[in-house]
Amino acid sequence: MTHKPTFLHQNKPLITCMVQAGTVDDTLKLVRDAAYDGCDAYGFQYENFADDLRTEANLRTIFSQMDGKPIYVTNYRRGKTDEELSAGLFQMLSCGATLLDVMGDYYCPTPGELTEDPAAVQKQMALIEEIHARGGEVLMSSHVLKFTPAEEVLRIARAHEARGADISKIVTAAETEDEELENLRITALLRRELHIPFLFLSGGSHCKLHRQIGPTLGSCMWLTVHHYDNYATRSQPILHAVRAIADHLSYDL
């Protein structure tokens with residue numbers, strides 16, 4: 001059996017370049033540029049890819065150009081049902097993706113993206129089991145998008161872990177220096193308390209430091225962009241700048 005490149009069991013955080021573009025050609029150019037600037041992995045945001053481009057041939061072409069690096073994929077809601085979203089994840093898995101982003105409120109949309117509905121949770125766990133059976137890895141995500149106390153962040157992460165996720169992803173926010181410093185402390189707390197890798201991020205006016213050094217405190221990867229354009233997420237740092245940070249820091253935690 002051929003094993004895909006993995007996001008798990010890494011000895012240092014991976015520099016993941018997020019790929020968002022309007023055409024297949026622009027996507028392939030972005031993939032090549034990210035390789036030149038030293039990315040360790042790719043993130044492909046399927047929800048921003050036009051429906052008419054979502055063919056198996058296009059996906060296989062794009063993923064084949066990612067140079068054998070692990071591929072993280074998202075398929076967030078853009079007017080589609082959660083069943084349609086999961087079908088898209090399986091399509092990308094079959095075309096070469098490694099890590100599938102399963103939102104924590106799949107099958108029961110909820111503010112903060114963590115449903116507690118028992119039926120929805122059971123369906124999530126069944127979905128995760130199926131992804132694992134097909135050779136994929138699962139990142140469960142909750143985009144809270146507001147400053148969140150440590151106890152609540154840890155509760156969300158433990159829920160992801162209990163549902164079978166391989167990686168927990170939580171996105172909060174910080175609007176003051178004190179909130180950003182607390183998010184850095186929470187990052188270290190998650191490293192000590194969780195039994196699975198995690199990706200703890202924040203948005204807001206005070207997220208830059210957290211985004212740049214969070215992985216040195218325990219997050220399993222950086223999410224970066226090659227450059228800023230109309231598709232790129234502005235809160236994500238530039239790949240070549242993060243490469244410089246990563247190359248000059250110790251990861252002995």
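**Entry 1: Ala 232**

I took buried to mean under 20% relative accessible area. The model is predicted, and I began with a single residue in it. Is Ala 232 buried or exposed? Its relative accessible area is 15%, so I recorded Ala 232 as buried. I located Ala 232 in the loop between strand 8 and helix 8, the helix of residues 239–246. I then looked up what Ala 232 touches, leaving aside residues up to four places away in sequence, and found Gln 20, Val 225 and His 227. I also checked Ala 232 against Met 18: 214 residues separate the two in sequence, and their C-alpha atoms are 8.0 Å apart in space.

**Entry 2: the whole protein**

I next turned to the overall dimensions. For 253 residues, a compact globule would have a radius of gyration near 18 Å; I found 17 Å for the protein, which agrees. The C-alpha trace spans about 45 × 45 × 35 Å along the principal axes. I noted that 55% of the 253 residues are buried. The accessible surface is about 11200 Å², and carbon and sulfur atoms hold 52% of that surface. Among contacts with a separation of 6 or more, I found that 71% join residues 24 or more positions apart.

**Entry 3: the sheet**

I listed the secondary structure as 8 helices and 8 strands. In what order do the strands of the open sheet lie? I read the order as 7-6-5-4-3-2-1-8, with parallel pairing across the 8 strands. At the edges I found strand 7 (198–203) and strand 8 (221–224), each of which pairs on one side only. Neighbouring strands are turned by 25° against each other on average, with direction ignored.

I then looked at the helices that pack on this sheet. Helix 1, residues 24–36, touches strand 1 (14–19) and strand 2 (41–45). The direction of helix 1 makes about 160° with that of strand 1. Helix 6, residues 177–193, touches strand 6 (167–173) and strand 7, and its direction makes about 170° with that of strand 7.

**Entry 4: strands 4, 5 and 6**

I followed the pairing through three strands. Strand 4 (residues 99–103) pairs with strand 5 (residues 137–143) in the parallel sense, over 5 bridges. Opposite Leu 99 I found Glu 137 of strand 5. Strand 5 also runs parallel to strand 6, joined by 5 bridges, and Leu 139 stands opposite Ile 167 in strand 6.

How many residues of strand 6 are buried? I counted 7 of its 7 as buried. Both faces of strand 6 are covered: one side carries Ile 167, Lys 169, Val 171 and Ala 173, and the other carries Ser 168, Ile 170 and Thr 172.

**Entry 5: cysteines**

I searched for disulfides and found 0. A disulfide needs two cysteine sulfur atoms within 2.5 Å. I recorded Cys 39 as buried because its relative accessibility is 4%.

For Cys 95, the closest cysteine sulfur belongs to Cys 39 and is 20 Å away, so this distance too is too far for a bond. Cys 95 has a relative accessible area of 6% and is therefore buried.

Note on methods. Residues numbered from 1 in each chain as written. Predicted model: local features only at pLDDT ≥ 70, side-chain atom pairs only at ≥ 80, totals over all residues. Heavy atoms only, no water. Buried < 20%, exposed > 50% of the residue type's maximum accessible area, 1.4 Å probe, protein only. Pairing = 2+ DSSP bridges. Helix = DSSP H or I, 4+ residues; strand = E, 2+ residues; numbered from the N terminus. Axes fitted to C-alpha atoms, helices over the stretch in contact; angles between N-to-C directions. Contact = heavy atoms within 4.5 Å. Rg over C-alpha atoms; globule rule 2.2 N^0.38 Å. Areas by Shrake-Rupley, 256 points an atom, 1.4 Å probe, with all protein chains shown as cover.
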